[in-house]
Amino acid sequence: MVVTKYILPALAAASTAFAVSDACDGSSDPITIQNQGDASALSSCSTVKGDIVIAEHTTGGISLDGVEQITGSLSANGAANLTSLSAPELTSIGDTFKLEGLIILTDLSFGSLTSVGSIDWAALPNLQALSFTKGVSKAGSVSITNTGLTSLNGITLDSVGNFDITANTAMDTINVNDLKNVTGLLNIAANAPSLKVTLPNLGGAQNITIRNASSLSIPSLKELSGQLGLFGNTFKEFSAANLTSTGDLVFDNNGKLSNLSMPQLTTVNGGFTISKNDDLEDITGFQKLQTITGALDFTGEFNKVDLPALKQVKGGFNMQSTGNFSCSDFQDIKSTVRGSFTCKSSTPDPTTSDGSSGTSSGTSSSSSSSSTAKSAASLVDINVPAVALIAAFGAMLQALL
């Protein structure tokens, strides 16, 4: 009798513990949330092992109260009637924070969240702001596409792999003050035409591609192992005051660009392309550039090119302009050029090395692309089909509401 008196409560406590443990374990099968009742059942789980999935037919708001850690992923895909998602105590998501096709979601509140494996958000057209009080300071990668966000307030990363911000047509500010290093592709494209990009402490990156921005500030950037490509932007000036080396360097179709300044750049480990920047009259901001390991391809309406330290171009050399610059300034490096050498001043129809027009008003065209142009395009356009499909999907769903 005495033994039974103590054994039965112990067995009951153990049974309860096992039940709580099972409720908190999504490592074998994801924990599925279909309503707030399912979410509330996790309130005793400070740590959820494995994944949590918000079901497609979930409606209204979901709050994961009490959960502090998710070792796996948190995802909601196609939950078109989900209006809000919150987790006030959640500090970390070990794997992906994935949201897609949540077309009426207006509130995303994660006040304690600081660390995620990765962020992957797409087709959230009514999400205008993040309620991330502490700020996400750690993420392996970030992809935010086709949302209603106007800024990235709440994203306070120090380092990241890929950083892809595309087709957020209301986003007019990207200011990630703490970001120091991007180990993958930094791709910003097709956001608001007024977009201002400010990355004041970014010192190193692998590849940077910027499209359709009205301003770009990267004053601390020192080294790029891959490409720096600026395409279709509307800013008048661009400076990378501390950049010493980069891979391919491309300035294409920046119609208002009139001043380029990269005074510390010594090496381009790839091709160097300037084309269709019709307001760029003087190319004079590269005082220390010595070596281009790929091709030099300058076309446009410029009147002056000053590359006083240039000693070697290992690829081809193509420089053509409607303006009256001096080709004689480049005869000394002709012997270092391994490809073809073309220099034309005051030509009415300047063409790039692949035969395309070098000015926005030109008529020349080509079905082929140069190796430099291809490398640039591969970085920029890799996400374009997906972005288009996601945007169309979101628009159709909105129309049905």
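Figure 1. Residues 24 or more positions apart account for 23% of the protein's contacts with a separation of 6 or more. The model shown is predicted. Its secondary structure comes to four helices and 33 strands. The protein has 401 residues, and 46% of them count as buried. Its accessible surface comes to about 17000 Å². Carbon and sulfur atoms hold 50% of that surface.

**Figure 2. The largest nonpolar core, seen around Leu 108.** This core has 100 residues. Leu 108, Trp 121 and Phe 238 are the residues with the most contacts inside the core. Strand β9, residues 115-124, gives the most to the core, with four residues. Now look at Leu 108 and set aside its neighbours within four places in sequence. Leu 108 is then in contact with Leu 85, Phe 97, Leu 99 and Trp 121, among others. Its contacts also include Leu 127, Leu 130, Ser 131 and Phe 132.

**Figure 3. A cluster of aromatic rings.** Which residues do ring pairs link into this cluster? They are Phe 97, Phe 110, Trp 121 and Phe 132. Of these, Phe 97, Trp 121 and Phe 132 are also among the contacts of Leu 108. Trp 121 is one of the residues with the most contacts inside the largest nonpolar core.

**Figure 4. An edge-to-face pair, Phe 272 and Phe 298.** The structure holds 11 aromatic pairs. One of them joins Phe 272 and Phe 298. The ring centres are 4.8 Å apart, with 85 degrees between the planes. That angle makes the pair edge-to-face, because the cut-off is over 60 degrees. Phe 272 lies in strand β26 (residues 272-275), and Phe 298 in strand β29 (residues 296-300), so the pair ties together parts that are 26 residues apart in sequence. Are the two residues buried or exposed? Both Phe 272 and Phe 298 are buried.

**Figure 5. The open sheet β3-β6-β8.** Three strands make up this sheet, and their pairing is parallel. Strands β3 (60-63) and β8 (107-109) are the edge strands. Each of them pairs on one side only. From one strand to the next, the twist averages 10 degrees. Strand β6 covers residues 82-86, and four bridges join it to β3. Ser 63 stands opposite Ser 86 in β6.

**Figure 6. The open sheet β14-β16-β18.** This sheet also has three strands with parallel pairing. Which strands stand at the edges? They are β14 (173-175) and β18 (215-217). Each has a single partner strand, so one side of each is left without a neighbour in the sheet. The twist averages 0 degrees from one strand to the next. Strand β16 (residues 196-198) pairs with β18 over three bridges, in the parallel sense. Thr 198 stands opposite Ser 217 in β18.

Figure 7. Most residues other than glycine have a negative phi. Ala 190 has a positive phi, near 60 degrees. Ala 190 is found in the loop between β15 (181-189) and β16. Its relative accessibility is 37%, so Ala 190 counts as partly exposed. For Lys 276, phi is also positive and near 60 degrees. Lys 276 lies in the loop between β26 and β27 (282-283). Its relative accessible area is 28%, so Lys 276 is partly exposed.

**Figure 8. Thr 359, a buried loop residue.** Thr 359 lies in the loop between β33 (341-344) and α3 (371-381). Why does Thr 359 count as buried? Its relative accessibility is 4%, and the cut-off for buried is under 20%. Again, set aside neighbours within four places in sequence. Thr 359 is then in contact with Lys 276, Asp 278, Gly 300, Glu 301 and Pro 350. Lys 276 also has a positive phi.

**Figure 9. Ser 44, an exposed loop residue.** Ser 44 lies in the loop between α2 (36-40) and β2 (47-54). Why does Ser 44 count as exposed? Its relative accessibility is 51%, and exposed means over 50%. Ser 44 and Asp 65 are 21 residues apart in sequence. In space they are 8.7 Å apart, C-alpha to C-alpha.

Notes:
Residues are numbered from 1 along each chain as its sequence is written. This is a predicted model: local features need pLDDT of at least 70, side-chain atom pairs count only at pLDDT 80 or more; totals for chains, interfaces and linings use all residues. Side-chain values use heavy atoms; hydrogens and water are left out. Rings of Phe, Tyr and Trp (its six-membered ring) pair if their centres lie within 6.5 Å; planes under 30 degrees apart count as stacked, over 60 as edge-to-face and the rest as tilted. Helices (H or I, at least four residues) and strands (E, at least two) are DSSP runs, numbered from the N terminus. Buried means under 20% relative accessible area, exposed over 50%, partly exposed in between (1.4 Å probe, protein chains only). Two strands pair if DSSP finds at least two bridges between them. Axes are lines fitted to C-alpha atoms, for helices over the stretch in contact, and angles run from 0 to 180 degrees between N-to-C directions. Contact means heavy atoms within 4.5 Å. Accessible areas come from the Shrake-Rupley method with a 1.4 Å probe; for residues, only the protein chains shown count as cover. A nonpolar core is a set of buried Ala, Val, Leu, Ile, Met, Phe, Trp, Tyr and Cys residues joined through side-chain atoms within 4.5 Å.
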